[in-house]
Amino acid sequence: MDNSPHVRFQATDRSYLALAKKGITQIATQVGFAAQRLNEVDLITAELASNLVKHGGGGEILARAFQTSSQAGLELISIDNGPGMADPARMMQDGVSTTGTLGNGLGSINRLADQFQLYSQKGWGTIQLARIFKDPAPDVLSTGGFEFRSLLVPKPGETVCGDGCYVKRTPDHIKLFLGDGLGHGPEANRAVLEAIKALRICPHHHPADIIRYIHQSVTKTRGLVGSVIVFDAKTQQWTWCGVGNISTRLNGPSYTKNVLSYNGIIGMNLPNTMNNHVIPFTRGQHVVMCSDGLQSRWDVSKYPQIHRYDLTILAAALYKDYARRTDDTSVLIGRL
């Protein structure tokens, strides 16, 4: 998935439904969908939004166009804090309803979307993830044993996101970067885009060296904080280094490892000494990186079975429960 931000649409009552449908149709048009596909997107959006109002007590839809190396598409994430579902699998069957309607909503989304997942807890709420591809193809988001997903939401009122992420793959390394430009708005966005541009051409494989390289490339911007974590396929180890308040955490089947960043600002003042921290790789391990748009005490253990789902579901759950909503918000999650 690419670095494009999500657009947030509120759906707190029926008055927002037309706005959500219009805005999401505009994003879908940018993907280049044919007319029939646009009609299907419209139906999916209508079902997601109406479900938020009818069953979730209101909520929000995050939408973005995305581009992979082989495919373009639209991603929709529906989030609510409603009563949740005791049996989500049953509710996705046609004809099942809790409100006396025909009960075709979740079933129709499941049929029309190329990918659809629903995660819910009783008393917690529900997250729905739908992806619609321009040219449907099997395994279009397959990443050869490495899965990564991002969620980027601008500060309310802003049209660009000052946070950004990038994943770079070479034959022997996987490099993940999450950055947060100082402040928000266009200048913060420019700082993080310059950092990503530098990472694309950076020849180094150690996180501290990568951060120093980025630092030299963004001195004409307002600066940013950032975190880099690298997986070395030969040594089967993670190495990490970060500057500023980006939260980086590795979660394994039986442990959680937090890593602490250095004080400083990339592009303005780096510590004189920065070391690479080595973390052994274990099967089932995943890395979570978050900007300070999320509260610091987030906890993935409160979501039973969520690691069986697309990582976007976990990113959306963290956003749902911990987003401050007073700043840009970003989450990058990777799993081998």
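The structure is a predicted model, in which local features need pLDDT of at least 70 and side-chain atom pairs count only at pLDDT 80 or more, while totals for chains, interfaces and linings use all residues. Residues are numbered from 1 along each chain as its sequence is written, and side-chain values use heavy atoms, with hydrogens and water left out.

**The open sheet**

- Five strands form an open sheet in the order 1-2-3-5-4, with antiparallel pairing; strands here are DSSP runs of E with at least two residues, numbered from the N terminus, and two strands pair if DSSP finds at least two bridges between them.
- Strand 1 (7-11) and strand 4 (115-121) stand at the edges with a single partner strand each, so one side of each has no neighbour in the sheet.
- On average, neighbouring strands of this sheet are turned by 15 degrees against each other, direction ignored, where the axes are lines fitted to C-alpha atoms and angles run from 0 to 180 degrees between N-to-C directions.
- Strand 3 (residues 72-80) and strand 5 run antiparallel and are joined by eight bridges; Ser 78 has Gln 128 in strand 5 as its bridge partner.

**Aromatic pairs**

- Rings of Phe, Tyr and Trp (its six-membered ring) pair if their centres lie within 6.5 Å, and planes under 30 degrees apart count as stacked, over 60 as edge-to-face and the rest as tilted; by this rule there are seven aromatic pairs.
- Phe 66 and Phe 133 form an edge-to-face pair, at 6.0 Å centre to centre and with 85 degrees between the planes.
- Because Phe 66 lies in strand 2 (residues 59-67) and Phe 133 in strand 5 (residues 125-133), the pair ties together parts that are 67 residues apart in sequence.
- Phe 66 is buried at a relative accessible area of 3%, and Phe 133 also counts as buried at 3%, where buried means under 20% relative accessible area, exposed over 50% and partly exposed in between (1.4 Å probe, protein chains only).
- Tyr 119, Trp 124, Tyr 303 and Tyr 309 are linked by ring pairs into a cluster.

**Charges over rings**

- A charge sits over a ring if NZ of Lys or CZ of Arg is within 6 Å of the ring centre and within 35 degrees of the ring normal.
- The charged end of Arg 249 sits over the ring of Trp 298, 3.6 Å from its centre, and that of Arg 325 sits over the ring of Tyr 319, 4.5 Å from its centre.

**Thr 239**

- Thr 239 belongs to strand 10 (residues 237-243) and is buried, with a relative accessible area of 15%.
- Beyond its neighbours within four places in sequence, Thr 239 is in contact with residues including Pro 207, Val 228 and His 277, contact meaning heavy atoms within 4.5 Å.

Terms used:
Helices (H or I, at least four residues) and strands (E, at least two) are DSSP runs, numbered from the N terminus.
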